[in-house]
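Subject: Handing over the structure

Dear colleague,

I am passing this structure on to you, and I would be glad if you could look it over before reading my notes. The sequence and the model come first, and what I found follows after them.

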Amino acid sequence: MRRYLRYLIIFLIIIICFLLQTTFFQTFALAGVSPNLLIIIVVSIAYMGGKNQGIIIGLICGLLYDFIYSDVIGLYSLIYMFIGYINGFLNKIYYSDDFTMPIFIIGISDFIYGISVYIFEFLLRGKLNILFYIRRIILPETVYTLLISVILYKILHSINSKIETKEGEV
Amino acid sequence: MKKKSKLSLETKYVVLILSIIFIILIFVSVKYSATMSPIKTAVGTVITPMQKGINSIGRYVSDSLEQLQNINNLIEENKELKEKLSTIEYENKILQQDKYELDTLRGLYELDQKYADYPKVAATVISKDAGNWYNVFTIDKGSNDGLSVDMNVIAGNGLVGIITEVGHNYSKVRSIIDDSSEVTGMFLKSSETCFIKGNLELIDDGRINVEMINKDVKVNDGDEVVTSYISSKFLPGILIGYINDISMDSSNMTKSGYLTPAVDFKSLDIVLVITELKEALY
C-alpha cells in the first residue's frame, strides 16, 4: 500500500510543477523561453527509481500536457514515456551522492525532447531551418532547464530518500 | 525494496504496447478531434482555476515591484503628458468636426460602423503554452460566459487571434503570431487580399509573414492590413497590422512581405472576445 503513497506524492509534485511552468515561469522567461520542469521530474524519477517508474511518470506528464495544450492526443505522451523509459536504464549506475550525473542526463534529455518536438511538429510541416530552432528555442531551454534542475533535483532527491526510508520501516 | 517486481509482462513489451496505443490515439485524435474534447474539457476545468490562482499571486508581486520602479518615471511622464494633452485637445476638436462630416458622408454611402458594433466580452490571460514552441494562451472565460470556438479575440485596436477550444471556465486562444496560424487579410486602401501566416523564425523581430499579394497591387510600407470579407472565421474589418518590406516572389507572380501586428503580444494582459460568429452574420 505504501507504494501508492509514492505515486500520490509524485503526482502532486507534477501538478505543482506544471502549474508553475505554465504561469510563473512564463512571466519570468529568460531569452524568451521558459524551463521544462516536467522533463526534470521524469528524468530524475526514472534515474532514481528505474524503468517502470520512469514510464508511469512519463505517461502522467505527457498526458497532462496533451490534454491541456496539445491538439493531438498522444504525441507528448509518447515522447515523455520514451524519455522516462530510456533514462530508467541509467538506474543501474545510480549513486545517491552523485549530483552531476543526473543534471547531465537532464540536459541531454531536454535537448532530445526539443529535437523530437521539432521533428514531429515543425519538420513534418516543411520547416527546414533546424539551426534557427536549435539556437532560438532548444539550446536556451536546455540551459534554463539545467539551471533549474540543480535546485529541483536536490528537492526531488531528498523527497525520494524520505519516501524510501518510510517504505523501509514497514 | 519492492516485493511486487514479478510482473507477468516485461517492461519492453509494456512500452511497445503503449506506443502502439498512443500511435493509434494520435491518428484517432487527428481524424476525429471531437471525440477527445470531453476528456480535455474535464482536465482543463480542474487545472484552470489553479492556474488562475497562481497567476494572480504572480501578477500581484510583479505589479508591486513595477510600482516601486516606476514612481520616478511617472513624475517625468506626467509632465510630458500634460503638455501633450493640450495639443491633443486641440486636435480632438478638429477630429470631432471631421467625424460629424464622416457620419453624414457614411449616411450617404449607407455604410455602418461595423467594427464598433460587435458585442464584446473582456477576459484575462491566465496561462501560456507550457512549451516554447507555440503561442497559445488560456483566458479565464468559457462557455459559461457565452464564448464558443472560432470567436475572434482582439486587444486594444488589433486582432489577437481566434478561440480554438472552449471549456466551462476557460478558452484557448491561438494568436496570429503562432507558427500554425493563417489569416486572410485585406489592404484597407485597395481591398486586395493576402495571406498572413505566423512564423516562429520571425518572432524576435515582432513580425509575421504576408504572402500571396497580387503583383499588380500597389502597396507601400506602413499600409494597414485588416481582416478580409472572404475569411470564413474572422470578422471583416479588424485591424491586423502594418505591412513592410514588400518584395517580388521568385515566381514573379506574387509578392510577399512582412507585417508588424498592431497588438503588442509581449504584454498581453486583458483581451476582448467578440461574441459574434462570422457564420451568424451572413
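Below are notes on the interface between the chains, on the salt bridges and on the pockets.

Please keep in mind throughout that this is a predicted model.

To begin with the interface, 42 residues of chain B are in contact with 49 residues of chain A. The area buried between the two chains comes to about 4300 Å², and carbon and sulfur atoms give 64% of that area. On the side of chain B that touches chain A, the residues divide into 20 nonpolar, twelve polar and ten charged. Across this interface the rule finds twelve residue pairs in polar contact, both residues being at pLDDT 80 or more. The elements that give two or more residues to the side of chain B that touches chain A are helix 1 (11-31), helix 2 (33-109) and strand 1 (120-128) of chain B. Of that side, the largest share, eleven residues, comes from helix 1 of chain B.

In one salt bridge the side chain of Asp179(B) meets that of Arg125(A), at 2.9 Å from N to O. Another joins the side chains of Arg136(A) and Asp204(B), at 2.6 Å from N to O. This second pair crosses between chains, running from Arg136(A) in helix 7 of chain A to Asp204(B) in the loop between strand 7 (193-197) and strand 8 (208-214) of chain B.

Helix 2 of chain B gives the most, with eight residues. By type, the lining of the largest pocket divides into 17 nonpolar, 18 polar and twelve charged residues.

The second largest pocket holds about 1200 Å³ of space. It is lined by 44 residues, of which Ser70(A), Asp71(A), Val72(A), Thr164(B) and Arg174(B) are the closest to its centre. Among the elements that each supply at least two residues of this lining are helix 4 (51-69) and helix 5 (75-89) of chain A, as well as strand 4 (158-166) and strand 5 (171-175) of chain B. The lining of the second largest pocket divides into 21 nonpolar, eleven polar and twelve charged residues.

With best wishes

Technical notes. Residues numbered from 1 in each chain as written. Chains lettered and ligands numbered in written order. Predicted model: local features only at pLDDT ≥ 70, side-chain atom pairs only at ≥ 80, totals over all residues. Heavy atoms only, no water. Contact = heavy atoms within 4.5 Å. Buried area = accessible area lost by both parts, 1.4 Å probe. Salt bridge = Lys/Arg side-chain N within 4 Å of Asp/Glu carboxyl O. Polar contact = N/O pair within 3.5 Å; in protein donor to acceptor, adjacent residues only side chain to side chain. Helix = DSSP H or I, 4+ residues; strand = E, 2+ residues; numbered from the N terminus. Nonpolar A, V, L, I, M, F, W, Y, C, P; charged D, E, K, R; others polar. 1 Å grid on protein atoms, 1.4 Å probe; cavity = no way out; pocket = protein on both sides within 12 Å on 5 of 7 lines; lining within 4 Å. Points joined across faces, edges and corners; volume = space filled by probe spheres on them.
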